[in-house]
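Hi everyone, thanks for making time this morning. Let me put the structure up on the screen, and then we can walk through it together.

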Amino acid sequence: MGSLFRSEEVCLVQLFLQSSSAYNCVSELGELGLVEFRDLNPNVNAFQRKFVGEVRRCEELEKTFTFLEQEINRSLTPALQGPLPPPYPTPLAPQPLELITIEEESERLARELKEVSQNRDRLRAQLTQLCQYRDVLTRTHSITASEAPPPPALEGHSLFENRQDVHLSFVAGAVHPWKVPSFERLLWRACRGYIIVDFREMEDRLEHPETGEMVQWTVFLISYWGTQIGQKVKKICDCFHTQTFAYPESSAEREEILLGLQGRIEDIKSVLSQTEAYLQQLLVRAVAVLPQWKVRVQKCKAVQMVLNLCSSSVTDKCLIAEAWCPTAKLPELQSALREGGRKSGSAVDSFYNRLATSTPPPTLFPLNSFTTGFQNIVDAYGVANYREVNPAVYTIITFPFLFAVMFGDVGHGLLMTLASLWMVLEEKDPKLRNNSNEIWRMMFGGRYLILLMGLFSIYTGAIYNECFSKSLSTFSSGWHVKPMFDNNVWNSSVLSGTQFLSMDPVVPGVFTSPYPFGIDPVWGLSNNKLTFLNSYKMKMSVIIGVIHMTFGVCLSFFNYVHFRQISSIFFVLIPELIFMLCLFGYLVFMVVFKWIVYTPAQSKIAPSILIHFIDMFLFTENEQNPQLYKGQGIVQKVLVVVAVCSVPVLLLGKPICKYLTFKNRHFHMEEDRRPLVADDSNINTRQGELDEGAAGEEVFDTADVLMHQAIHTIEYCLGCISNTASYLRLWALSLAHAQLSEVLWGMVMRIALKWQGYVGAAMLFVIFAFFAVLTISILLIMEGLSAFLHALRLHWVEFQNKFYSGSGYKLSPFSFSSMINAPPAI
């Protein structure tokens with residue numbers, strides 16, 4: 001938990017990798033995921049680096065693998081359900097000779113697949129053409145079989161005058177069914193009706209040679225006379241990309257061609273089945289080896305890209321790399337370097353040196369499936385600075401609690417808990433973990449967060465005594481009606497003349513004791529329930545807000561101590577606490593004091609806290625509003641004066657301290673330098689040059705420091721007021737959720753409960769389904785999302801800005817597992 005409270009210690013190391021073992025050393029580091037490498041060649045073009053040839057070689061292999069995967073998805077029977085399964089166990093990065101073997105085998109397999117696939121496609125195209133030709137001859141046979149000479153009436157027509165050689169010609173083929181209407185229309189308009197066209201649909205579906213889809217082709221036969229019309233017909237057929245065939249005029253020739261076509265079709269089917277069987281064998285072999293190849297080549301490419309970040313030594317016998325590494329993992333780093341040298345057979349081991357650096361190291365928190373969701377909430381605001389206090393430790397409790405304050409309902413919390421509990425119990429299911437839907441990935445990643453939100457909602461719902469807007473009578477009520485009649489406060493005349501009855505807790509026996517847990521269910525029957533809950537939840541929101549913000553201010557103490565900013569404790573932290581507690585801490589004190597001191601008998605004379613708080617700033621006293629305690633006016637004036645006095649300290653304390661520290665350090669530096677230039681015969685430097693250099697080294701910008709502190713002071717003082725008011729959203733959203741739940745019950749379920757008998761059972765079944773859909777979609781999803789966003793804002797703005805800067809950056813270690821298991825980009 002200590003490392004989660006503050007990020008792990010990270011150091012900068014310099015790695016000296018022997019040229020012969022550099023590949024294996026980096027590969028071992030990638031398996032462990034320890035270090036984040038820095039680029040030592042920022043000014044070198046990516047195409048001019050030392051290992052760019054190996055990277056391109058891996059990229060070519062990846063292109064080959066992409067082709068193999070496309071062929072598997074296109075032609076494998078039965079088809080795979082989803083992507084290729086990852087290999088288990090994960091193979092190691094290949095050695096150079098193994099990479100050559102992978103390259104040769106993959107190229108050979110891709111070449112064979114390409115040849116077989118092309119042969120298969122050609123055979124399918126030929127089979128489609130032959131089947132189309134066969135159907136052209138068989139489907140149009142009935143038209144040409146009844147062919148007869150032209151009618152006598154047409155023989156004397158001017159169209160056939162002096163044309164003794166007129167005879168019909170034919171164009172036959174197949175066309176896509178979508179093109180038939182436009183094809184027919186264009187033929188009619190271009191040939192002006194001097195043709196006879198017949199379209200027939202084929203009985204069987206055939207594969208489209210270009211798209212691969214199964215199409216029920218349409219065969220056509222066009223009979224025409226005249227050379228010019230024939231040319232037009234052929235051009236139109238070419239324009240529509242129709243498949244045309246030779247159409248013999250005599251029946252005998254057609255029968256002879258049909259017999260030949262049938263034999264060729266059978267031969268092609270036989271060859272096609274053998275080709276398909278061989279293609280499936282190749283695809284099965286590809287499915288078996290492709291996942292292994294992909295992972296190994298990915299690792300090889302990643303290693304080569306890391307080696308491109310390194311610089312060569314002067315003798316070119318080793319590579320020099322710089323990397324960020326957790327200090328606790330340095331022994332593992334050395335072990336990985338030794339293992340890499342052992343695998344390479346190198347006589348000299350690679351080693352590392354720790355480097356001192358002024359660059360702030362990256363931030364690393366050890367996370368698991370439980371803490372990841374909470375850390376993501378904090379990181380969305382900003383990654384913590386190195387060794388800064390991590391708010392995620394406290395967010396684990398405070399975020400679900402603030403959510404539940406706004407969402408409190410036993411029934412709704414129970415539904416949320418059951419849904420998240422199912423995700424937690426089934427978290428190892430590959431279907432759930434590998435789902436590519438972005439919304440599902442977000443919900444599944446925050447399953448533990450949702451589980452705690454549901455559990456806290458059940459708790460706050462029990463305090464509010466609300467379950468689907470109805471009260472639960474778990475214990476006996478502390479309010480009793482009988483004493484009101486026994487003391488003659490209520491009688492028959494009161495009952496007949498009053499619509500609403502008021503129970504007086506001052507009457508003995510009416511109010512015996514507070515409800516054991518939460519709110520008394522009797523308030524669910526009262527007409528002033530809303531007034532009571534508004535007062536209760538509003539004060540509760542202010543109390544929670546002040547405690548939450550004060551806790552955030554106190555957490556800055558750990559940052560100041562760790563970064564040795566002791567002056568900030570006295571000139572920032574203490575004035576901030578004084579300002580917060582003297583004003584809003586006192587407001588919380590008055591609320592709690594009034595709850596404790598004033599009994600039901602004194603409720604009518606209880607003072608107004610709001611008026612007291614206003615009078616506190618105006619330095620006035622209201623005679624009509626009695627004091628909470630003796631000397632309240634003096635205490636309030638002292639608190640306001642102390643709070644106001646803390647503002648100048650907060651504004652000027654830190655800048656003055658910084659200025660004095662700078663002057664003191666500058667004075668000591670001048671004293672140390674003075675003897676070096678006291679002698680006028682010094683030839684290395686002159687007094688004026690040294691003074692100018694010293695002045696240029698460090699300059700205290702008073703205006704910048706004062707401006708920065710003034711902005712912080714104004715933001716904090718005004719933020720204390722606005723942030724306290726911002727916590728009233730806890731009251732507002734809790735009230736809105738309760739009222740919406742009550743409206744939904746009254747307008748839906750109450751109608752179903754009015755019916756009786758079998759009709760009532762049927763109506764209850766139907767209306768309950770409608771009620772369940774509205775409850776899940778509106779009260780759980782929409783209201784839950786609204787409460788989630790408001791809780792997020794309270795943590796980011798009101799809580800974290802008191803101590804958290806969030807201007808760091810994450811440690812992104814070189815890890816094969818994160819690279820291979822990374823989710824696809826959306």
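Pro78 sits in the loop between helix 3 (52–75) and helix 4 (96–139); helices here are DSSP runs of H or I with at least four residues, strands are runs of E with at least two, and both are numbered from the N terminus. The peptide bond from Thr77 to Pro78 is cis, with omega near -5°. Most peptide bonds are trans, and most residues other than glycine have a negative phi.

Before I go on, a word on where this comes from: it is a predicted model, where local features need pLDDT of at least 70, side-chain atom pairs count only at pLDDT 80 or more, and totals for chains, interfaces and linings use all residues. Residues are numbered from 1 along each chain as its sequence is written, and side-chain values use heavy atoms, with hydrogens and water left out.

Now, which residues other than glycine have a positive phi? One is His241, with phi near 55°, in the loop between helix 8 and strand 8 (243–245). Another is Ser469, with phi near 75°, in the loop between helix 16 (447–464) and helix 17 (482–486).

Are those two buried or exposed? His241 is exposed, because its relative accessible area is 67%, whereas Ser469 is buried at 8%. For the cut-offs, buried means under 20% relative accessible area, exposed means over 50%, and partly exposed is in between, with a 1.4 Å probe and protein chains only.

Asn24 is buried, with a relative accessible area of 6%. And what does Asn24 contact, leaving aside its neighbours within four places in sequence? The partners are Gln95, Gly340, Lys343 and Ser344, where contact means heavy atoms within 4.5 Å.

Lys232 lies in helix 8 (residues 227–239) and is partly exposed, at 41%. Lys232 and Ala190 are 42 residues apart in sequence, while their C-alpha atoms are 7.4 Å apart in space.

Let's zoom out to the whole chain. How many helices and strands are there? The count is 27 helices and eleven strands. The radius of gyration is 43 Å, well over the 28 Å that the globule rule gives for 826 residues, so the chain is more spread out than a compact globule. That radius is taken over C-alpha atoms, and the rule is 2.2 Å times the number of residues to the power 0.38. Along its principal axes, the C-alpha trace spans about 135 × 115 × 55 Å.

The domain assignment, which is automatic or from a database, gives domain 1 (1–38 + 310–364), domain 2 (125–146 + 167–273) and domain 3 (370–472 + 493–655 + 704–802). Over C-alpha atoms, the centres of domain 1 and domain 2 are 72 Å apart.

Two last numbers for the chain. Buried residues make up 42% of the 826. Of the contacts with a separation of 6 or more, 81% are between residues 24 or more positions apart.

Thanks, everyone, and I'm happy to go back to any part of the picture.
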